[in-house]
Amino acid sequence: MSRTRILSAAAAVLTLALTVVALAAPSNARAEYESTLAPRPQVGQCRTTTFDQGGYFTDNRRPVRCSTLHRMRTFAVVDVPRSFNYLNWTSAQIVNLAMSLCSAKFEKAVGGGHARREQTAYTFFFFGPSYADRQRGARWMRCDLVLLANSTLAALPNLTFPVLEGRSITERNRRCLVNTNNDYWTICSRQHVARANQIFRFPSTATYPSPSVLKAATDARCPGKRSTRPSRYSWRHGNRVITCYAVTTS
């Protein structure tokens with residue numbers, strides 16, 4: 001609900017309270033309380049939040065029209081379970097929570113299955129209410145689609161979800177590597193040293209590959225002898241796709 005709608009609702013409650021005197025105090029107090037909360041985000045909203053700004057848990061920047069430049073697009077707004085302590089948590093706990101709440105919805109928002117998705121630079125950022133709002137009872141998490149481009153975010157295309165459905169992978173969303181350590185992604189329309197060009201799959205029963213196991217499999221299966229693997233969380237949930245890269249001179 002937007003801030004305007006919240007204030008309008010508060011005004012309506014206040015009008016009702018003036019008519020029904022017996023309910024004036026609790027109704028007015030409730031309206032005032034709710035109007036102090038930041039508006040809950042909505043699926044489909046776009047924002048210009050940058051990579052550095054995305055490092056904070058709270059992002060209260062106003063949405064922009066998706067037809068204009070934007071770097072994030074909300075694909076899910078999910079309720080945080082009551083069992084989770086939303087006021088005091090460690091970084092590991094909040095990341096694990098975000099993975100559990102956002103990952104499956106991210107896969108649906110991108111589409112294309114593991115094989116196509118793992119060749120793109122799409123990933124997601126997550127945000128929640130401010131500490132003050134969490135103290136007042138806000139319990140949601142916002143999951144935003146982004147295109148990772150080294151230590152920045154590339155502009156997102158203005159596409160409906162799922163973004164790969166019926167569409168080709170292009171140089172503007174294909175995953176490329178920035179350096180020889182395989183540890184920084186970018187989109188292939190920017191400077192890079194290797195580009196995703198094929199995939200192979202580990203057996204469904206395989207455990208998460210150690211660096212030595214991954215290297216042996218990469219050397220045997222990837223012509224360019226370079227690869228990246230999915231996150232541990234994604235692996236636990238069935239993603240066994242290893243992405244191979246071809247060395248380029250771009």
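The legends below describe close-up views of a predicted model.

**View 1. Model confidence along the chain.** The protein chain has a mean pLDDT of 85, and 85% of its residues reach 70 or more. For residues 1–33 the pLDDT is below 50, and this stretch has 24 contacts in the model beyond near neighbours in sequence. Where pLDDT is low, the predicted coordinates should not be read in detail.

**View 2. The largest pocket.** Its volume is about 600 Å³. The lining comprises 19 residues, of which Tyr122, Thr123, Phe124, Trp185 and Ser231 are the closest to the pocket centre. At least two lining residues come from each of helix H3 (91–110) and strand S3 (122–127). By class, the lining has nine nonpolar, five polar and five charged residues.

**View 3. Aromatic pairs around Phe57.** The whole structure holds eleven aromatic pairs. One of them joins Phe57 and Tyr86 edge-to-face, at 6.2 Å centre to centre with 85° between the planes. Phe57 lies in the loop between strand S1 (46–47) and S2 and Tyr86 in the loop between S2 and H3, so this pair ties together parts 29 residues apart in sequence. Phe57 counts as buried at 15% relative accessibility, and Tyr86 counts as buried at 3%. Phe57 also pairs edge-to-face with Trp89, at 5.2 Å centre to centre and 65° between the planes. Trp89, in the loop between S2 and H3, is 32 residues from Phe57 and counts as partly exposed at 25% relative accessibility. Ring pairs link Phe57, Phe84, Tyr86, Trp89 and Phe126 into a cluster.

**View 4. Surroundings of Thr74.** Thr74 belongs to strand S2 (residues 72–79). With 0% relative accessibility, Thr74 counts as buried. Leaving out residues up to four places away in sequence, Thr74 touches Gln42, Val43, Gly44, Gln45, Arg47, Arg142, Cys143, Asp144 and Phe161.

Conventions: Residues are numbered from 1 along each chain as its sequence is written. This is a predicted model: local features need pLDDT of at least 70, side-chain atom pairs count only at pLDDT 80 or more; totals for chains, interfaces and linings use all residues. Side-chain values use heavy atoms; hydrogens and water are left out. On a 1 Å grid over the protein atoms alone, a cavity is a set of points where a 1.4 Å probe fits but cannot get out, and a pocket is an open set with protein on both sides within 12 Å along at least five of seven lines; lining residues have an atom within 4 Å of a point. Grid points are joined across faces, edges and corners, and a volume is the space filled by probe spheres set on the points. Helices (H or I, at least four residues) and strands (E, at least two) are DSSP runs, numbered from the N terminus. Ala, Val, Leu, Ile, Met, Phe, Trp, Tyr, Cys and Pro count as nonpolar, Asp, Glu, Lys and Arg as charged, and the others, Gly among them, as polar. Buried means under 20% relative accessible area, exposed over 50%, partly exposed in between (1.4 Å probe, protein chains only). Contact means heavy atoms within 4.5 Å. pLDDT is the predictor's confidence in each residue, from 0 to 100. Rings of Phe, Tyr and Trp (its six-membered ring) pair if their centres lie within 6.5 Å; planes under 30 degrees apart count as stacked, over 60 as edge-to-face and the rest as tilted.
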